[in-house]
Amino acid sequence: MTIAARASRAATAPRRLDFIDTVLVVIFLLGLYLGVSLAISDKVPLTCAPSGIAGLIMLWRRRDQIVPKHLAGLLLVVTVYLCSVLAASDYSFLGKRFTGLLQLSYSLVIGYAMFLTLLQGDRRQIANILLWFCFAIIVGCLLENHAGLRPLSDAMRERLYQTDQVYDADLRDQVLYGRIRPKLFTSEPSAVTFAYTHFSSAWLVVSPWRRKLLVYFGLIAMALFVLPGPTLVLMVFLAAPYLVFLAGTRPGGRASVSRTVGALAFAAVLVGAAVAFGSILFAERLNELATGRDASFFYRFTGPMLVAFDMFRTYPWAGAGLTGEPFIGNNVMNVYMNSPSFQAAWRITRVADVLTNYVWLHWIYLGLVWGVLTLVAISVWLRLLGVPSVLYCWTVWIILGQASGSYVGPKTWSVMLIGAAVSILAIIAPEQKQRSGRPMPVVQPTLRFPNPRQRALAS
């Protein structure tokens with residue numbers, strides 16, 4: 001084989017993650033799933049430690065692929081957050097806020113490393129990793145429910161997590177769902193459903209299968225049977241941004257009007273279906289919510305929303321500052337006590353435990369002014385990363401934020417950056433495949449001479 005033929009073959013060969021990168025991606029996803037933290041010091045934990053270790057290794061392996069404009073965008077985001085910390089009131093909490101900034105920077109860096117690594121892989125390969133991870137969760141939950149894995153899972157959970165992090169509301173689950181929900185080595189059932197929802201929705205975007213929507217609905221059905229929980233309703237909502245912002249879009253972010261209208265109509269049907277089957281499948285949970293007995297929903301949505309509105313009134317400039325729950329502890333208690341949805345019997349051990357929605361935490365931490373500025377900075381960074389739709393990334397981030405807190409943690413920003421990576425693969429990969437599969441023919445030039453004398457001289 002000639003040198004030119006080898007170069008042509010290398011140029012047209014699809015890129016794939018090697019064995020080491022594949023292992024690192026799996027460890028990163030496993031770290032997001034488990035959420036295990038290691039204490040670097042008394043005040044600085046290394047959250048999602050397996051993801052952090054894998055992310056730093058991936059960053060080193062991808063150091064040659066770091067684009068200057070990507071780095072400039074990341075520095076812009078960190079700088080804006082730094083300014084928000086310095087703008088927040090009461091400098092006696094500055095150390096706590098800088099700890100939050102450090103954790104946020106760590107989360108953004110390892111998320112960016114995951115982003116770069118995913119872009120080096122083949123679309124089908126990334127989809128297979130995500131799909132097999134979802135199947136592993138389903139099989140593991142079945143083993144926990146029916147094959148005696150629960151004692152081992154509970155023993156591991158007691159070792160991996162602190163006592164106040166371990167879920168102990170099994171009796172409530174039996175009342176609401178008729179059984180104990182699987183936890184599968186995580187701190188609580190919602191961690192299982194969140195990871196499953198996140199990974200399966202990313203698979204929906206990156207998978208090249210034509211009938212993948214049917215498979216996706218099959219994943220929803222399996223999850224409702226094996227690991228029931230209201231977070232799974234978000235899976236249906238997450239299909240909407242894919243259909244509206246990515247499905248049928250050509251490279252460059254263009255989509256036909258007819259496709260856009262059809263996607264909007266189908267997305268509206270899916271959202272209506274999500275509301276309908278959620279009200280049917282989780283009727284008892286909704287009854288608790290309607291009667292004001294669902295503390296989990298209050299701490300996950302209603303309470304953080306009310307606190308965010310209070311921040312707009314009291315600290316509109318810079319909010320409470322990153323991880324500023326100690327600064328606004330009294331404000332949170334006053335807002336909760338004055339809410340008709342709050343019951344005095346609900347115990348509050350830490351303020352951070354009752355603010356578990358990272359979308360509303362964005363506004364609680366940053367206030368109205370710096371909250372908007374950081375949205376702009378992150379959007380600029382996403383555009384510099386080359387995402388086909390910034391709105392898709394934000395929509396996915398907002399939807400999944402209804403089931404997770406920890407604003408400065410890796411899980412929150414991995415939602416954004418994994419969504420950015422799979423959206424690029426979904427839009428750009430088909431065009432690259434088309435170009436590599438159809439090489440341009442080599443056309444020999446034809447010389448034209450205006451008169452017979454010039455033709456004779458040329459011959």
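**Figure 1. Phe-133 is a buried ring in this predicted model.** Its relative accessible area is 11%, under the 20% cut-off, so Phe-133 counts as buried. Phe-199 is buried as well, at 2% relative accessibility. The chain holds 28 aromatic pairs. In one of them, the ring centres of Phe-133 and Phe-199 lie 5.1 Å apart. Their planes meet at 70°, so this pair is edge-to-face. Phe-133 belongs to helix α6 (residues 123–146) and Phe-199 to helix α9 (residues 189–206). The two residues are 66 residues apart, and their pair links distant parts of the chain.

**Figure 2. Trp-397 and Tyr-407 form an edge-to-face pair.** The ring centres are 6.5 Å apart. The planes stand at 80°, which makes the pair edge-to-face. Trp-397 lies in helix α17 (residues 390–401). Tyr-407 lies in the loop between α17 and α18 (410–437). The pair therefore ties together parts that are 10 residues apart in sequence. Both Trp-397 and Tyr-407 are buried. They also belong to a cluster linked by ring pairs.

**Figure 3. Two arginines sit over aromatic rings.** Arg-63 lies over the face of Trp-60. The distance to the ring centre is 3.9 Å. Arg-97 places its charged end over the ring of Phe-327. Here the distance to the ring centre is 5.0 Å.

**Figure 4. The largest nonpolar core has 131 residues.** Seven names mark the members that touch the most others: Leu-29, Tyr-81, Phe-115, Leu-322, Tyr-336, Leu-382 and Tyr-407. Helix α16 (residues 358–385) supplies the largest share of this core, 14 residues. In soluble globular proteins, nonpolar side chains tend to be buried together.

**Figure 5. Phe-115 and its contacts beyond four places in sequence.** Phe-115 is among the core members that touch the most others. Leaving out residues up to four places away, Phe-115 touches His-70, Leu-385, Leu-417, Ala-420, Ala-421 and Ile-424.

**Figure 6. Helix α3 and its cover.** Helix α3 runs over residues 49–61 and has 13 residues. From first C-alpha to last, α3 reaches 19 Å. That is close to the 18 Å expected at 1.5 Å a residue. Its buried residues are Ala-49, Ser-51, Gly-52, Ala-54, Gly-55 and Met-58. The elements that cover them include helices α2 (19–34) and α5 (94–119). Strands β1 (38–39) and β2 (45–46) are also part of the cover.

**Figure 7. Leu-184 and Ser-406 have positive phi values.** Most residues other than glycine have a negative phi. Phi of Leu-184 is near 45°. Leu-184 sits in the loop between α8 (170–177) and α9. Its relative accessible area is 7%, so Leu-184 is buried. Phi of Ser-406 is near 55°. Ser-406 sits in the loop between α17 and α18. At 46% relative accessibility, Ser-406 is partly exposed.

**Figure 8. Met-333 and Val-335 in helix α15.** Helix α15 spans residues 329–337. Met-333 is partly exposed, at 26% relative accessibility. Its C-alpha lies 9.4 Å from that of Val-307, 26 residues apart in sequence. Val-335 has a relative accessible area of 15%, so Val-335 counts as buried. Its C-alpha is 6.9 Å from that of Leu-306, 29 residues apart along the chain. Beyond its neighbours within four places, Val-335 is in contact with Leu-306, Val-307 and Asp-310.

**Figure 9. The whole chain, for orientation.** The predicted chain has 459 residues, and 49% of them are buried. Its secondary structure comes to 19 helices and two strands. Among contacts with a separation of 6 or more, 75% join residues 24 or more positions apart. The accessible surface is about 22,300 Å². Carbon and sulfur atoms account for 64% of that surface.

Technical notes:
Residues are numbered from 1 along each chain as its sequence is written. Side-chain values use heavy atoms; hydrogens and water are left out. Helices (H or I, at least four residues) and strands (E, at least two) are DSSP runs, numbered from the N terminus. The expected span of a helix is 1.5 Å times one less than its number of residues. Buried means under 20% relative accessible area, exposed over 50%, partly exposed in between (1.4 Å probe, protein chains only). Contact means heavy atoms within 4.5 Å. Rings of Phe, Tyr and Trp (its six-membered ring) pair if their centres lie within 6.5 Å; planes under 30 degrees apart count as stacked, over 60 as edge-to-face and the rest as tilted. A charge sits over a ring if NZ of Lys or CZ of Arg is within 6 Å of the ring centre and within 35 degrees of the ring normal. A nonpolar core is a set of buried Ala, Val, Leu, Ile, Met, Phe, Trp, Tyr and Cys residues joined through side-chain atoms within 4.5 Å. Accessible areas come from the Shrake-Rupley method with a 1.4 Å probe; for residues, only the protein chains shown count as cover.
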